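Welcome! Take a moment to look over the chain before reading on, and keep the view open as you go.

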Amino acid sequence: MTDPLDFSFTVSATDGQARTGHIAMPRGNIRTPAFMPVGTAATVKAMYPEQVRDLGADVVLGNTYHLMLRPGAERMARLGGLHRFMRWDGPILTDSGGFQVMSLSALRKIDEEGVTFRSHIDGTAHRMSPERSIEIQGLLGSDIQMQLDECVRLPAERPEIEKAMHLSLRWAERCRVAFGEQPGKAMFGIVQGGDVPELRVESARALTDLGLKGYAIGGLAVGEPQAVMLAMIETVEPHLPSTKPRYLMGVGTPDDLMQSVMRGIDMFDCVMPTRAGRHGLAYTRHGRINLRNARHAEDTRPLDEASDCPAARDYSRAYLHHLVRSDEILGMMLLTWNNLAYYQALMAGMRAAIAAGRLADFVAETKDGWARAEAAAKA
């Protein structure tokens, strides 16, 4: 019998490479495939925690780098940890800060021991080693902790990709030692290797040898075409344990999610639905709708009359257009609410489709709905 105080992953059904199941943790179950709303700085932007939970999210993501800078890891621990701080009682996954190693490249220096950052807030210097990354995530109270890694933006030359991949492997070993044994919690390794198949395979095999509780695929959705991303998933998937969850980091569009689930991915996170909502873009079963466009100015239809989400069902496109064009905060809140509702509905639809053995039909029907709406909009 599974210990309810430990971390476990169960696959309940498969459909081709796709699978559905759940991750069991002391703070609750994570239904998979799962989309994790991004709460970088202890908040999912423009959303109340209760809204995020009511939409069906079982887990949210926080960011070690940003929370280290503000409010600070030690302060967070004194305040009772991230869960209490942001009023989220479910599981929290924390990104290690590795992506910021790439995205803030002008403000950092990498060596064997770790990374020296200059804060993007005030320019102060900070040191992040693999051990410190795990320590910070522990102070935050994170349930799923990610190894510190070096992520390379694509396209890049092979020597740069290979160097970063091997450094990430060495850091993964150090993170595993620093994490130790923490019942009910997990540390995930991150497969790197850019767009070079043999480097991806080498990374996946070496990480598998560490016997971690889960495995992420990192370094994708960083400038490469979707076809390259999907090819790397197909390359890596056979070399990851089928008994452990697989997490594709930082991805992506609704189509990215469906294509990746079909290739065996269990977990996702992405800022896309929240960021798009703050910039006037709505994701719906009718496709992506830009509420800034003038053609919505007198459109009395809601975004989706069949949606369970009030933001999609109860407000006219004309009103949303007005809010967006007027830079009203309510517009950002409503569109973010709509977008996260759509993403969670998409994941729930895929879970049900996998259980019924009809994922390919679900994907085809979803894409057909987008195409028909796009054709109608152009007519």
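## Nonpolar cores

A nonpolar core is a set of buried Ala, Val, Leu, Ile, Met, Phe, Trp, Tyr and Cys residues joined through side-chain atoms within 4.5 Å. The model shown here is a predicted one. Its largest nonpolar core has 93 residues, and the members that touch the most others are Leu248, Met350 and Leu359. Helix α14 gives the most to this core, with twelve residues. Apart from it lies another core, of 20 residues, which includes Phe9, Met36, Val38 and Val59.

As background, nonpolar side chains in soluble globular proteins tend to be buried together. You can follow this idea at Met350: leaving out residues up to four places away in sequence, Met350 touches Leu257, Met258, Val261, Leu359 and Phe362.

## Two helices side by side

Two packed helices are described by the angle between their axes and the distance between the axes. How do the axes of α14 and α15 cross? Helix α14 covers residues 329-356 and helix α15 covers residues 359-378; their axes come within 8 Å and cross at roughly 145°.

Which residues make this contact? From α14 come Tyr342, Leu346, Gly349, Met350, Ala353 and Ile354, and they meet Leu359, Phe362, Thr366 and Trp370 of α15. Sorted by type, the residues of this contact are eight nonpolar, two polar and no charged.

Is Gln344 buried or exposed? With a relative accessible area of 5%, Gln344 is buried, because buried means under 20%.

The side chain of Gln344 reaches the backbone oxygen of Phe35 at 3.0 Å. Setting aside neighbours within four places in sequence, the residues in contact with Gln344 are Phe35, Pro37, Leu55, Gly56 and Ala57.

## An aspartate in α10

Let us move on to helix α10, residues 254-261, where Asp255 is found. Asp255 has a relative accessible area of 15% and is buried. What does Asp255 touch? Beyond its neighbours within four places in sequence, Asp255 is in contact with Gln226, Lys367 and Trp370. One of these, Trp370, also belongs to the α15 side of the helix contact with α14.

## Ser307 in its loop

Ser307 sits in the loop between β16 (287-290) and α12 (310-313). At 17% relative accessibility, Ser307 counts as buried. The C-alpha atoms of Ser307 and Thr284 are separated by 9.1 Å, and these residues are 23 residues apart along the chain.

Not counting residues up to four places away in sequence, Ser307 touches Ala312 and Arg313. The side chain of Ser307 also reaches the backbone nitrogen of Cys309 at 2.9 Å.

## Cysteines without a partner

How many disulfides does the structure hold? The number is zero. For Cys175, which is in no disulfide, the nearest cysteine sulfur belongs to Cys151 and is 15 Å away. A disulfide needs the two sulfur atoms to be within 2.5 Å. Cys175 is buried, with a relative accessible area of 0%.

Cys309, the residue whose backbone nitrogen Ser307 reaches, is in no disulfide either; the nearest cysteine sulfur, that of Cys270, is 19 Å away. Cys309 is buried too, at a relative accessible area of 4%.

Notes. Residues are numbered from 1 along each chain as its sequence is written. This is a predicted model: local features need pLDDT of at least 70, side-chain atom pairs count only at pLDDT 80 or more; totals for chains, interfaces and linings use all residues. Side-chain values use heavy atoms; hydrogens and water are left out. Axes are lines fitted to C-alpha atoms, for helices over the stretch in contact, and angles run from 0 to 180 degrees between N-to-C directions. Helices (H or I, at least four residues) and strands (E, at least two) are DSSP runs, numbered from the N terminus. Contact means heavy atoms within 4.5 Å. Ala, Val, Leu, Ile, Met, Phe, Trp, Tyr, Cys and Pro count as nonpolar, Asp, Glu, Lys and Arg as charged, and the others, Gly among them, as polar. Buried means under 20% relative accessible area, exposed over 50%, partly exposed in between (1.4 Å probe, protein chains only). A polar contact is a pair of N or O atoms within 3.5 Å; within protein, one must be able to donate a hydrogen and the other to accept it, and residues adjacent in sequence count only if both atoms are side-chain atoms.
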